Amino acid sequence: MSNKRQQDPAIYDHSQLDSTIKHSRLYNEDLAPLPPNERTWGWFSIFNVWSNDIQSLFGYTLAASLFLSYGLSGWWVMAAIICAGFIVMLMVNLTGKPSVKYGIPFPVLIRASLGVNGANLPAVLRAIIGIFWYGVQTYFASTAVAILLTLIIGGSDATLLGLNSTAWIAFIIVWLFQIMLFWAGIEPIKHFLNWAGPLVYVVMVVLMGMIWYQSGSQLLPAISSIFTNNSDYDGNQFQAFTAIVGTMVAYFAAVVINFGDFSRFLRSERDMKLGNLIGLPVNMFFFSFIALVITAGTLVIFGEALTNPSDIVERVDALPLTIIAALTFFAATVGINMVANFIPPAYDLANLFPKHISFRKGGLITAIIAFFVGGLWLSFISKIGIVGFVNAIGAVIAPFFGILVVDYYLIKRQHIDMNDLFSDKPTGAYYYYKGWNIRGLIAFAVGAIFSIATILVPVLTKLEGYGFLMGAAIGGIVYWLLMRPYAVSADAIVKR
């Protein structure tokens, strides 16, 4: 089977690799191209990556807040979330394809467009974002564990940074558990995701059923009107719809950029596309419907919107459900934290000093810094506001999507010299100017300034939610204009 895959023209022939690249300062075993016979992920693994991402506690809280923030009917908010799912699916199919072909992670792939040294800029920014998300998700996962601990040992009144002693114990337990799971390796993480994702759906459906039953005949009529009465948004309906789409796309921004960190483990491009189809638009249809019913139901039953599933479970008087739900929410949030917020920074930090920082060392650095982020989330970071926080993060790295896609498909025409990706010699194809592609940096700066301005500049706040998409488009267009004279010709590809 492995020989057949190596002969497939869609997969890079690893026999072309020069053995001398192993001595380069840019090389280590974790960053090296993964040969076809070492790839074990199929479409179900990718489906569960998205299942855990979408169904994490933070993902649910974001979706629930969108129902409440824009004054739209619940059905229209649901449609906007599904629309975002299709957009993200198309984007990750583009960023994931080169890593399926070559078996390389994101920080190595982007060396082709920003230079062998310049790739450290997106790697560092992506690592910072991943570490922040890792800390935040660790806090959210700990809220589920705190429910269980409160049942066992009770709570306490004394708090530190907004968390009582039980909450701090839960936070530390989750933090340590994630380190141990990460240390076990990719395969155990994959198996963890494969059971955590489906189990979350079961619990969420049960919770939805209980909320629906308690709401009775008031629920469905409320969905069309109840959210319009709980919002201060002053834009029109079209602006609200597109802002929700943009915000949901921005939520997935970090994973969109570095999807190659996961697609490199896939057996084929077909597995990637099928996993993305079922895991994103199809998955988000069911998820957004569940979030819609539960959020509306909490308004009907409790008179207030509860956006954290852990809070909802606490209010529902069913001890068995409380225990099972707490364990399930914990598993789902830990799962996506592994994939979206632990693995990428580990690769990115390893890319800074490949000979000194391994994948595992990068993971430990990530965990240590994220501990302080998660500890400060409730008392400080969350005060920024969830939607604005997501949009700001997406805006920073937006241009890298456009640069990566334009470079690979229009400039390099889907052909990369793998040996030069690991070469720090001035004669290397991706050395550019002292290892930096100045044109790529200019494209990033132009796109980033504009996308961040949509959040920080008052006159541009009407573009709220569009920062990632606009920054990506501008970064890609500027890169194409600057790099067009250096595009690989069709004749050069044939000669290769």
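Colleague: What share of the protein chain do buried residues make up?

Modeller: Buried residues account for 59% of the 496 residues in the protein chain. Buried means under 20% relative accessible area, exposed means over 50%, and partly exposed is in between, with a 1.4 Å probe and protein chains only.

Colleague: What should I know about the model itself?

Modeller: This is a predicted model, where local features need pLDDT of at least 70 and side-chain atom pairs count only at pLDDT 80 or more, while totals for chains, interfaces and linings use all residues. Residues are numbered from 1 along each chain as its sequence is written, and side-chain values use heavy atoms, with hydrogens and water left out.

Colleague: How many helices and strands does the protein chain have?

Modeller: The protein chain has 22 helices and two strands. Both are DSSP runs numbered from the N terminus: helices are H or I with at least four residues, strands are E with at least two.

Colleague: And what percentage of the contacts join residues at least 24 apart?

Modeller: Of the contacts between residues at least 6 apart in sequence, 86% join residues at least 24 apart. Contact means heavy atoms within 4.5 Å.

Colleague: How many residues are in the largest nonpolar core?

Modeller: That core has 161 residues, and Trp50, Phe252, Leu421 and Phe468 have the most contacts inside it. Helix α16 (residues 319-352) contributes the largest share, 16 residues. A nonpolar core here is a set of buried Ala, Val, Leu, Ile, Met, Phe, Trp, Tyr and Cys residues joined through side-chain atoms within 4.5 Å.

Colleague: Switching to α9. How far apart are its end C-alpha atoms?

Modeller: They are 43 Å apart, which agrees with the 44 Å that the 30 residues of α9 (residues 186-215) should span at 1.5 Å a residue. The expected span is 1.5 Å times one less than the number of residues. Just after α9, Gly216 has a positive phi of about 70 degrees.

Colleague: Phe192 is in that helix. Is Phe192 buried or exposed?

Modeller: Phe192 counts as buried because its relative accessibility is 9%. Leaving out residues up to four places away in sequence, Phe192 touches Phe177, Leu181, Ala331, Val334 and Gly335. The C-alpha atoms of Phe192 and Ala332 are separated by 9.1 Å, although the two are 140 residues apart along the chain.

Colleague: How many salt bridges are there by your rule?

Modeller: The count comes to four. The rule asks for a side-chain nitrogen of Lys or Arg within 4 Å of a carboxyl oxygen of Asp or Glu. One of them joins Arg25 to Asp424, with the closest N and O atoms 3.1 Å apart. Arg25 lies in the loop between α1 (2-7) and α2 (43-54) and Asp424 in the loop between α19 (418-421) and α20, so this pair ties together parts 399 residues apart in sequence.

Colleague: Which residue does Lys190 form a salt bridge with?

Modeller: Glu187, with the closest N and O atoms 3.2 Å apart. Both lie in helix α9, three residues apart, about one turn of the helix. Lys190 is buried at 9% relative accessibility, whereas Glu187 is partly exposed at 30%.

Colleague: And Lys273, what is its partner?

Modeller: Glu269, and the closest N and O atoms are 3.2 Å apart there. Lys273 and Glu269 sit four residues apart in helix α14 (residues 269-302), about one turn of the helix.

Colleague: Which backbone oxygen lies 2.9 Å from a polar atom of its side chain?

Modeller: The backbone oxygen of Leu421. Arg111 also touches residues including Leu26, Asn351, Phe422 and Tyr430, not counting residues up to four places away in sequence.

Colleague: Last one. Where is Asn258?

Modeller: Asn258 is in the loop between α12 (253-257) and α13 (260-263). Asn258 is buried, with a relative accessible area of 0%. Its contacts are Phe106, Arg126 and Pro344, not counting residues up to four places away in sequence.

Definitions and conventions
A polar contact is a pair of N or O atoms within 3.5 Å; within protein, one must be able to donate a hydrogen and the other to accept it, and residues adjacent in sequence count only if both atoms are side-chain atoms.
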